[in-house]
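I opened my notebook to look up a few things in one structure. Come along and check each entry as I go.

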Amino acid sequence: EQGKLTKVPLGKWKDQTLKLLHTTRDGRYLYVQRTRRTCDELDLCRVEVASGKVEVVLHEVCKPYFSDRMQFIQFFNGEQDFIWWSERTGWGHFYRYGADGTPKGALTAGEWMAEKIVRIDEKQGKVYFIGHGREQGVNPYYSLLYRTDLAAGNPVELLTPENAHHDVVFSPSGQYFVDNFSRVDLVATSVVRDCRGRLLNQLAQADLTKLYAMGWKMPEPFSVKAADGETDLYGVMWKPFDFDSNHKYPIIS
């Protein structure tokens, strides 16, 4: 109202970047991510709007660097708590904090990646999220839906068991979701599940009859080891429609 400009003292590193992540509903605080140019260190800062005072509520160091595309913050519990995504263990997972930065434990853990939150159900105390690489024999690029408790240290439940990529949309009530799943060698299918992952109804399935009539064949997923002999690499192979196993073909990569 008075047109007063308050410069917030957020400077720390040369060539740093700043990102506004959250503004509290009462307008009292801003949460700002301050990231070092080398993407191996960051601060989550809480700025008091009235005074411009800066408080570091979370400090992260992750060598050699972290994925700055994945960082996010999600508030709940009347903005008294938030969920933070971090690669501090070498794997991307969710951590719960109080609004002042008090740690309240890890919500997910292990040698796999929790990617993004789809829904938080505070009434039931559940968080629904997309994960990768947790299930044996499933391509880690496929998105699968999981849920766990908002209290740290509880087990993770798989809600979309098909070995495929899943794209989910929840109903407004959160009691149901539409699960669209597919793979390059699997017919696209849409189903309805309840919030526990139980299959209730099949909505639709793609009809590939005319494609097959034209001689089309599905591509073949494959996996090979990288040069280190340990890391799995995933790919897809398309063969000529008139493929003959007695002939040799050039590989176009």
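Below are my entries on the cysteines, the strands and one glycine.

**Ground rules.** I am working from a predicted model, where local features need pLDDT of at least 70, side-chain atom pairs count only at pLDDT 80 or more, and totals for chains, interfaces and linings use all residues. Residues are numbered from 1 along each chain as its sequence is written, and side-chain values use heavy atoms, with hydrogens and water left out.

**Cysteines.** How many disulfides does the structure hold? I found zero, taking a disulfide as a pair of cysteine sulfur atoms within 2.5 Å.

C39 counts as buried because its relative accessibility is 17%. C62 is buried too, at 10%.

Two strands pair if DSSP finds at least two bridges between them. I traced an open sheet of four strands in the order β9-β10-β11-β12, and the pairing is antiparallel. Its edge strands are β9 (113–121) and β12 (157–158), each pairing on one side only.

Next I checked how β10 (residues 126–132) meets β11 (residues 144–149): six bridges join these antiparallel strands.

**The glycine in the loop.** Which loop holds G133? I found G133 in the loop between β10 and β11. G133 is partly exposed, with a relative accessible area of 36%. Setting aside neighbours within four places in sequence, I see G133 in contact (heavy atoms within 4.5 Å) with E111, W112 and P140. I also looked up P172: it sits 39 residues from G133 in sequence and 29 Å away in space, C-alpha to C-alpha.

**The hairpin.** My last stop was β15 (residues 186–194) and β16 (residues 199–205), antiparallel strands joined by five bridges. Across this pair, V192 stands opposite N201 in β16. The two strands form a hairpin with four residues between them. In the turn, G197 has a positive phi of about 90°.

Key:
Buried means under 20% relative accessible area, exposed over 50%, partly exposed in between (1.4 Å probe, protein chains only).
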